[in-house]
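Please look through the chain below with its secondary structure in view. The paragraphs that follow go from single helices to sheets and then to the core.

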Amino acid sequence: MLTILRRIVLEFSQNAELDSALHRMVEQIKETMNTDCCSIYLADHLKQHFLLVASDGLAEGSLGQTTIGFTEGLVGLVGQREEPLNIANAQNHPQFIHAPEVEEDELNAFLGTPIIHRRKVLGILAIQQKEARHFTENEEAFLVTLSAQLATSLANAEANVLITEQDANSHWTKALQGVAGSSGVMIGEMYVVYPAVSLASVSLQRTTAPTLELQFFEEAVDKTRIDFDFMASNLRGIIAESTLDIFDMYKQLLNNANITKEVTQKIISGWTAESALKQIIDSYVLQFEALDDRYLRERASDIRDLGNRLLLNLKKLNIKEQELPQEFILVAEEVTAAMLAQYQHQGLKGVVSLQGSNNSHAAILARALGVPAVMGIEKISLSRLHQKNCIVDGFSGELFVQPNEALQREYQHLIAQEILLADKVKKVAQLPAITKDGQTIELQLNAGLSSGFEYSKNSGAVGIGLYRTEIPFMNRSCFPSESEQTELYRQVLRAFPDQPVTMRTLDVGGDKSLPYFPINEDNPFLGWRGIRITLDHPEIFLLQVRAMLRANVGLNNLEIMLPMISSTLEVDEATRLINQAYYELSNEFDFIGEEKLTRPKIGIMIEVPGIIYQLPELANKVDFFSVGSNDLTQYLLAVDRNNARVSALYNSYHPAVLRALNHIAEQSARSLVPLSLCGELASEPAGALLLLAMGYDKLSMNAHNVAKIKWVIRHVDFHQVKMMLAHVLTLSTSKQVHSYLNEQLEQFGLSSFVRAGR
């Protein structure tokens with residue numbers, strides 16, 4: 001039964017034409033379950049009804065014509081209840097609707113299951129039978145399982161069909177929905193960057209140039225054959241000759257006349273080389289996985305690997321002639337921090353990531369760059385997006401592909417409004433962050449995306465609250481030397497004379513990796529990251545601290561911050577190493593005149609929930625606290641901020657998060673320890689006001705948000721925001737918090753910042 005399930009889903013995903021795929025699927029289900037009818041209804045959430053799109057058993061003339069309201073009939077009841085409905089005699093059910101055009105008078109038994117993707121009902125899958133009976137538990141379980149497996153494939157298919165329709169019908173535009181990653185709007189051309197490839201990510205497409213596609217395939221086969229020879233030659237003499245037979249096995253698969261012949265035939269029949277390869281390899285994988293012999297069954301993995309190697313070489317052939325546009329929207333399966341660092345000075349104007357959430361580091365860095373970003377977009381083929389014009393709405397998380405002129409004019413007006421708001425708040429950029437009744441707070445920068453700080457000097461910030469030292473580590477092929485780090489850090493410190501610059505020690509792991517220092521873990525966010533890595537590798541930590549101390553000579557504005565602290569022992573060990581570096585340098589160098597080596601202030605990031613209950617002990621060991629609200633929120637709510645499936649659960653305005661932040665502020669004030677916050681919450685108008693009311697001394701944010709937050713702070717009374725905080729702390733849901741805060745911003749006369757703060 002599992003094999004049948006997989007075959008139905010696989011064949012559905014392989015069919016590039018949605019209507020054809022749906023019709024084939026209902027035929028297979030009807031045959032497999034031996035019923036008299038199988039039908040699929042797709043949901044139209046704008047019109048609030050289900051549309052009969054495919055059926056084997058109902059009248060053909062009703063397909064694409066018959067609609068059932070979300071609150072009507074048995075189909076509507078399945079959608080409302082979001083669970084299976086198994087009825088022996090459907091026509092006697094009080095909610096049954098007689099639709100003569102579908103010709104179902106002889107059908108009695110009814111079993112319907114919802115097709116749900118990310119809590120949204122996409123459609124209803126139903127089977128019917130003339131015999132009046134309840135379908136068995138096994139039949140119901142099969143249909144439920146099939147619906148669950150089809151949900152993702154159907155969502156992907158609808159997204160790809162949407163783009164195809166918009167290409168052909170440019171007079172209308174519908175959005176692909178993702179998650180708002182970085183606020184702002186951008187109109188421009190998409191440029192797709194391909195990571196390591198997988199046949200699973202290929203969306204089937206037809207071609208009008210089969211001769212060219214055949215040439216691509218033949219060249220990819222030749223290149224793949226050379227790759228296997230090269231791999232074998234590199235390992236010859238290192239491993240046993242018998243082990244090298246694996247590469248001969250791959251070459252034998254590659255030379256298999258059936259595989260190459262079948263791919264060629266698919267291309268000739270009108271499929272792209274990638275689509276043809278996917279269809280043939282997938283069919284062979286399915287055949288091998290269905291075999292009883294374990295050895296032969298494991299060969300399915302070899303065939304899949306061969307297909308991915310061929311696909312990689314195909315993609316290289318297809319993209320090798322591409323040139324980077326002067327301005328572009330970066331699109332990738334998963335946009336990473338390293339990608340942003342690579343493309344930031346090359347015309348990057350927006351970001352679209354098929355994976356990830358609004359709290360991934362890529363989204364955070366996009367906000368730091370002031371680049372609109374949409375994350376976790378519906379699964380679509382990257383090749384369908386390349387070089388297409390689009391609108392990226394970083395406020396709503398929508399992506400419009402090939403937008404019509406009317407929609408472009410609407411968004412150009414919105415962009416103009418954003419520019420006016422930015423010009424308005426610039427007027428207070430160099431003024432202090434002080435409320436109308438005299439309460440002050442310092443605004444600092446989050447930095448570290450590049451070595452240039454010219455843009456930061458005019459931001460109005462008072463120093464740097466977070467300098468991410470890991471970003472320069474990412475754009476290299478090995479760890480930077482002590483002298484290289486010293487030069488970089490000194491440039492940063494010099495950019496802010498007489499203002500504090502807080503440098504965070506190397507913080508990799510989680511969703512931040514170094515190409516020359518790979519970390520592979522099942523659960524990286526709870527694994528080897530931050531201070532845990534650098535304490536395990538004191539040679540890396542000491543070298544970095546020495547570079548920081550040397551860069552600070554004569555400037556004396558350095559502060560060192562330790563990330564991912566989870567115990568007092570880690571603070572003790574890190575402090576010991578910092579002292580060791582300080583004394584080593586003191587003995588090594590004879591500093592001349594007033595240029596003396598000074599010991600900087602040392603602080604910790606509060607991001608692991610456990611240390612919230614150790615703040616009094618930690619207060620005796622460090623000079624300051626800085627809350628990393630992004631990771632703290634992630635850990636408090638047990639939500640992987642890179643997982644689009646649960647991104648809706650990540651919310652910095654969750655009552656538990658706000659109460660934890662308030663508790664930290666109270667504990668810090670009691671211990672007289674300076675307190676700052678360097679998470680994304682600080683750059684949001686409502687969030688900044690809450691933190692001000694809690695008593696945070698400093699807020700650290702991206703340069704382009706400093707003036708905005710100053711404007712907000714300068715237009716409120718401190719006693720008003722204290723009252724606002726008191727009420728917020730009594731609320732029990734994030735939705736209540738958001739609604740109340742938006743109301744308060746409007747009462748304060750700051751309604752224009754409600755959208756900007758999303």
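A residue is called buried when its relative accessible area is under 20%, exposed when that area is over 50%, and partly exposed in between, with a 1.4 Å probe and protein chains only. Helices (H or I, at least four residues) and strands (E, at least two) are DSSP runs, numbered from the N terminus. This is a predicted model, in which local features need pLDDT of at least 70 and side-chain atom pairs count only at pLDDT 80 or more, while totals for chains, interfaces and linings use all residues. Residues are numbered from 1 along each chain as its sequence is written, and side-chain values use heavy atoms, with hydrogens and water left out.

The chain has 26 helices and 22 strands, and buried residues make up 55% of its 758 residues. In helix α24 (residues 718–728), the residues F718, V721, M724, L725 and V728 are buried. Seen down the axis of α24, these buried residues fall within an arc of 120°, so they line one face of the helix; the arc is that of the directions from the helix axis to the C-beta atoms. Among the elements that cover the buried residues of α24 are α21 (655–671), α22 (685–694) and α25 (734–747).

An open sheet of eight strands has the order β7-β14-β13-β9-β10-β11-β12-β8, with mixed pairing, where two strands pair if DSSP finds at least two bridges between them. Because β7 (176–177) and β8 (179–182) stand at the edges with a single partner strand each, one side of each is left without a neighbour in the sheet. Contact here means heavy atoms within 4.5 Å, and axes are lines fitted to C-alpha atoms, for helices over the stretch in contact, with angles from 0 to 180 degrees between N-to-C directions.

The buried residues of α12 are L407, Q408, Y411, L414, L421 and V425. They cover an arc of only 135° around the axis, which puts them on the same side of α12, whereas the face turned away from that buried side carries the exposed residues E405, R409, H413 and L420.

A second open sheet has six strands in the order β3-β2-β1-β6-β5-β4, with antiparallel pairing. Its neighbouring strands are turned by 20° against each other on average, direction ignored. Within this sheet, β1 (residues 37–44) and β6 (residues 120–129) pair over six bridges, and C38 stands opposite I127 in β6. Helix α2 (residues 18–33) packs on the sheet, touching β1, β2 (49–56) and β6, and its direction makes about 65° with that of β2.

Of the 110 residues in the largest nonpolar core, L562, F625, L661, Y696 and L699 touch the most other members; such a core is a set of buried Ala, Val, Leu, Ile, Met, Phe, Trp, Tyr and Cys residues joined through side-chain atoms within 4.5 Å.
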